[in-house]
Structure formats: structure tokens, C-alpha cells
Amino acid sequence: MSVAIVQGCSSGLGLALTQHILRHTNLTVYALTHQSTSSEFRDRIAVNVGKGKERLTVLSGVDVREERGLEKAAETVKEREGKGSVRLVACLAGVLHAEKSLGAIDLETALSTFQINTLGHLLTYKHFVPLIPNKREFKSLQSSWQDPEKPKDPARGMIGRDNSLCFSLSARVGSISDNERGGWYSYRASKAALNQVVRCLDHELANKSSSAIAVGYHPGTVLTSFTSPIIGKDAKPDLEHGRLTVDQAIDSMTKVMGKVTREGDEKWGGRCWDWKGERIEW
Ligand SMILES: NC(=O)c1ccc[n+]([C@@H]2O[C@H](COP(=O)([O-])OP(=O)(O)OC[C@H]3O[C@@H](n4cnc5c(N)ncnc54)[C@H](OP(=O)(O)O)[C@@H]3O)[C@@H](O)[C@H]2O)c1
């Protein structure tokens with residue numbers, strides 16, 4: 001069984017990504033939310049996914065600020081699906097408190113931003129990466145896809161057929177060299193730190209012969225409840241200027257996911273990519 005873990009599934013991009021995976025792949029999905037009821041979210045996610053909903057489990061109450069919840073979620077996946085079952089760990093948790101100046105910094109809020117945006121991703125990887133197949137296990141999985149009697153790659157091109165994937169929603173504003181305007185101290189700093197986490201993780205994955213590659217990703221400015229306080233509820237999509245609907249964002253995101261590879265000259269691992277598939281400099 002091949003499993004996708006989607007962390008931060010209750011709204012915006014996490015909800016849409018979960019639905020996309022259920023519609024367009026054969027992966028089994030464990031969708032993690034810090035909200036407390038799973039049946040309500042299961043119904044919300046299951047809209048328009050057809051038979052895909054049979055492959056969905058929602059694990060609720062998984063607040064990434066508390067490690068035990070993530071540990072329990074990973075134990076559940078291991079018990080039900082086995083070690084070596086996880087093909088994708090997608091971390092979407094993120095909060096933005098848009099401080100414009102030093103005077104707006106609140107310690108508790110800034111700490112919570114780091115806990116969710118940076119350490120929450122790190123702890124998710126701590127508990128789920130051990131469930132990703134190593135290269136040897138992955139090779140034997142791959143050879144079963146050649147067997148006409150057995151199911152083909154369940155990721156159906158959404159992830160490269162030669163790898164598993166650790167995928168963190170970062171943001172262009174986490175780039176230090178791109179910072180021309182300042183502001184948003186805790187969000188920018190937490191995403192810059194997340195990029196470093198992704199880089200370290202990718203080295204560890206490569207050193208330990210994991211089948212996974214780790215990347216950070218900037219989805220563009222997407223019209224979700226996350227951005228509406230900043231760009232307004234009535235903002236319109238404008239692809240030319242990088243302002244995307246959720247559907248456009250998921251389409252671009254899953255295309256980039258499918259391109260990530262350790263083959264060829266382009267080094268994808270440990271770097272941050274945007275929705276056009278272009279690298280964002282740190
Ligand atoms: N929208 C954009 O334009 C944009 C641009 C650049 C980067 N991003 C990044 O993309 C990601 C998703 O953004 P979005 O637009 O989809 O925003 P969103 O709808 O607000 O999603 C944020 C997610 O964070 C999760 N979350 C918040 N607090 C959490 C906690 N304590 N524990 C676990 N999860 C928590 C929530 O998941 P649950 O409620 O299910 O737990 C929620 O689904 C974020 O990391 C954001 O920084 C977005």
C-alpha cells in the first residue's frame with residue numbers, strides 16, 4: 001500500500017491537495033488536521049472525490065505544536081499500512097501574523113508561528129520519514145509495477161516514479177535575498193528557517209539511502225482565507241502576476257511535484273521551487 005500524508009488538510013491548499021490526490025491517484029491518504037472532529041472534515045474533503053473517499057482517513061487533533069499527536073498519528077499509519085508504506089509527506093501547516101514593524105512583535109505569537117511554520121514541519125518529518133521506503137525497498141516496489149498482473153505506480157505521475165517525496169509549503173518571502181521590503185518578521189524568519197530544515201532533511205535522506213527527496217515550495221499568491229486579510233476577499237486571479245485560484249495552484253503544485261528527481265543536472269533536492277518550477281534563491 002502506498003500512502004500520502006497531508007498535514008494541514010482542513011482548508012485552503014491542504015484541503016484541495018487532499019482532494020486532488022484522492023481524485024487523480026491511487027494513493028491511500030492520511031489527512032492530518034489540528035481541528036478536533038474528523039467526521040466533519042472527512043465529509044468536507046470527500047465532496048466530489050467519488051470512490052476515492054474509500055482511501056481517505058482523517059486523523060484529527062494533530063496540532064503540530066504538540067509532538068505526541070504527530071507520534072501517535074505516525075504509529076497509527078505504521079500499524080495499519082506498515083513501515084515503508086509512505087510515498088509522500090506533504091506539510092502545509094502555516095500561519096501568518098503580518099507584523100509591519102518591531103513594535104508589533106508579540107513573543108507568544110512569534111513563538112507559535114515558529115512552532116507551526118518551522119518546527120511543526122520538522123517534527124512531522126521526524127515521525128513520518130521512518131515510514132518511507134529506503135532505496136532497496138523502493139526498487140522492489142518499482143519492479144512490481146512492471147508486472148502486468150500487479151497494480152501500476154499508485155502515484156500516477158504526481159510523484160516521479162523513481163522517488164518518494166517530502167514536500168513543505170514554504171514561501172517566496174522566506175528568501176533572504178528576495179527581501180526588498182522588510183516586514184512580516186516572524187513569518188519571513190520562520191519560512192527562512194523552514195528552508196534550512198528542508199536542506200538538512202534532504203542531506204539526511206540522501207545520506208541514509210532513503211527513496212525520498214525533500215523540497216520547499218512557493219505556491220504563488222493563492223486566493224485562500226490565508227491571503228484574504230492581505231489582498232482582500234474580492235481579489236481576482238491574475239496568473240501573469242502570480243495570483244492563482246486554488247485549482248490553478250494545485251495544478252501547478254502537482255506538476256512541480258512530478259518533476260522533482262535526483263536524476264539529471266538540475267539539483268531539485270534541498271531547494272525551494274516556485275509554482276512555475278523555477279528555483280527561488282535563498
Ligand atoms: N495562500 C498563499 O498565497 C500562500 C503563499 C505562500 C505560502 N503559503 C503557504 O501555504 C500553506 C497553506 O496555506 P493556505 O493558503 O492553504 O492557508 P490555510 O488555508 O490557512 O491553511 C493553513 C493550514 O495550516 C494548518 N495549521 C494551522 N495551525 C496549525 C496547527 N497548530 N497544527 C497543525 N496545522 C495547523 C491548518 O490545517 P488544519 O486546520 O487542518 O490543522 C490549515 O489548513 C501555508 O504554510 C502557507 O504559509 C500560502
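**Core, sheet and helix packing in the predicted model**

The largest nonpolar core comprises 70 residues, and I5, V6, V89 and A90 have the most contacts inside it. Such a core is a set of buried Ala, Val, Leu, Ile, Met, Phe, Trp, Tyr and Cys residues joined through C-beta atoms within 7 Å, where buried denotes 20 or more other C-beta atoms within 10 Å of the residue's own, C-beta atoms being placed from the backbone. Helix α1 (residues 12–24) supplies the largest share of this core, six residues; helices (H or I, at least four residues) and strands (E, at least two) are DSSP runs numbered from the N terminus. The model is predicted: local features need pLDDT of at least 70, side-chain atom pairs count only at pLDDT 80 or more, and totals for chains, interfaces and linings use all residues. Residues are numbered from 1 along each chain as its sequence is written.

An open sheet of eight strands has mixed pairing and the order β3-β2-β1-β4-β5-β6-β9-β10; two strands pair if DSSP finds at least two bridges between them. β3 (56–59) and β10 (279–280) stand at the edges with a single partner strand each, so one side of each lacks a neighbour in the sheet. Strands β6 (residues 212–218) and β9 (residues 272–274) run parallel and are joined by three bridges, with H218 opposite D274 in β9.

In α3, E67, L70, E71 and A74 meet L123, T124, H127 and F128 of α4, contact requiring C-beta atoms, placed from the backbone, within 7 Å.

Conventions. A residue is buried if 20 or more other C-beta atoms lie within 10 Å of its own, exposed if 12 or fewer, and partly exposed in between; C-beta atoms are placed from the backbone. Two residues are in contact if their C-beta atoms, placed from the backbone, lie within 7 Å.
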